[in-house]
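Morning, everyone. Please look at the model on the screen while I talk.

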Amino acid sequence: MNNILYSFRRCPYAMRARLALRVSEIEYEHREIILRDKPASMLDRSPKGTVPVFVASGDVIDESLDLMLWALSQNDPDDWLAPDRTDMLNVIAGNDGPFKHHLDRYKYPSRYSDAPRSATDPEHRNAACEIISGYEQRLTAHKNLMSEAASLADMAIFPFMRQFANTDREWWDSAPYPGTRAWLERHLESPIFKVVMKKHPLWSD
Ligand SMILES: N[C@@H](CCC(=O)N[C@@H](CS)C(=O)NCC(=O)O)C(=O)O
């Protein structure tokens, strides 16, 4: 086994990658990093400097969705790839594009304007909620985003909803999205999520 994963515990992209690697039972050496001090061995393999970075017998996969798809193409015991691929990739693109854009600006307005550090931005929250309304419709029809069963789409998206919910917990707890709240809670409480959130000592080259 000489697979390596460079990862950061709280990064939602790294979380989705760890979820897919776990379900597909692919073994790897976990290298926990911090973003402000990335190991040279990671940057040598992927100069763009984002996590996750996966190294599999010399090949580098440094986009989280590619890594999920690669892992599940090896082994997909829970049928995360069962729903229509184009539909799932469309829902995920809505998360990775517009939802993430608004999430960042809701959560860290001071990075994008002169808002005070402690503020959150309700305008961007409202824009993100338009996307959540779409999830809510799906999650009223069935337990997960694509159908009753969990899929790639759920696993790729719930780590970002976790960040959104935690930005203003009090607001989220009474927001008009009971289906999405229950879905998020269920995934956060799932055994696989608990396993992939275990703490690892910091890696150094
Ligand atoms: N498109 C990339 C995005 C990964 C990403 O942006 N990860 C963040 C952490 S959550 C990162 O590494 N940022 C670099 C930094 O903050 O220095 C993917 O899907 O893997």
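Let me start with a definition. Angles under 35 degrees count as roughly parallel, over 145 as roughly antiparallel, 65 to 115 as roughly perpendicular, and the rest as oblique. Axes are lines fitted to C-alpha atoms, for helices over the stretch in contact, and angles run from 0 to 180 degrees between N-to-C directions. Helices (H or I, at least four residues) and strands (E, at least two) are DSSP runs, numbered from the N terminus.

Two notes on the source. This is a predicted model: local features need pLDDT of at least 70, side-chain atom pairs count only at pLDDT 80 or more, and totals for chains, interfaces and linings use all residues. Residues are numbered from 1 along each chain as its sequence is written.

Now the domains. Domain 1 covers 4-78 + 192-196, and domain 2 covers 85-191. Those bounds come from an automatic or database domain assignment. The C-alpha centres of domain 1 and domain 2 are 22 Å apart.

How many residues of domain 1 are in contact with domain 2? There are 13, and they meet twelve residues of domain 2. Contact here means that the C-beta atoms of two residues, placed from the backbone, lie within 7 Å. On the domain 1 side, α1, α3 and α10 (191-196) each give two or more residues. Helix α1 gives the largest share, five residues. By class, that side of domain 1 has ten nonpolar, no polar and three charged residues. For the classes, Ala, Val, Leu, Ile, Met, Phe, Trp, Tyr, Cys and Pro count as nonpolar, Asp, Glu, Lys and Arg as charged, and the others, Gly among them, as polar.

Next, helix pairs. Two packed helices are described by the angle between their axes and the distance between the axes.

Take α1 (residues 12-23) and α3 (residues 64-74). Their axes come within 8 Å and cross at roughly 5°. So α1 is roughly parallel to α3. Y13, R16, A17, A20 and L21 in α1 meet S64, L67, M68, A71 and L72 in α3. That contact has eight nonpolar, one polar and one charged residues.

Now α6 (residues 122-141) and α9 (residues 178-188). They pack at about 80°, with axes 7 Å apart. Therefore α6 and α9 are roughly perpendicular. From α6, I132, Y135, E136, L139 and T140 meet G179, T180 and W183 of α9. Four nonpolar, three polar and one charged residues make up this contact.

Helix α9 also packs with α7 (residues 152-167). The angle is about 105°, and the axes are 10 Å apart. So α7 is roughly perpendicular to α9. Here D154, F158, M161, R162 and A165 in α7 meet T180, L184, H187 and L188 in α9.

Is F54 buried or exposed? F54 is buried, with 26 other C-beta atoms within 10 Å. The cut-offs are 20 or more for buried, 12 or fewer for exposed, and partly exposed in between, with C-beta atoms placed from the backbone. Leaving out residues up to four places away in sequence, F54 touches N3, L5, A17, I61 and L67.

Last, the ligand. Which residues are around the ligand? They are F8, C11, Y13, L35, G49, T50, V51, P52, E63, S64 and L65. The test is a C-beta atom, placed from the backbone, within 6 Å of the molecule. That shell has seven nonpolar, three polar and one charged residues.
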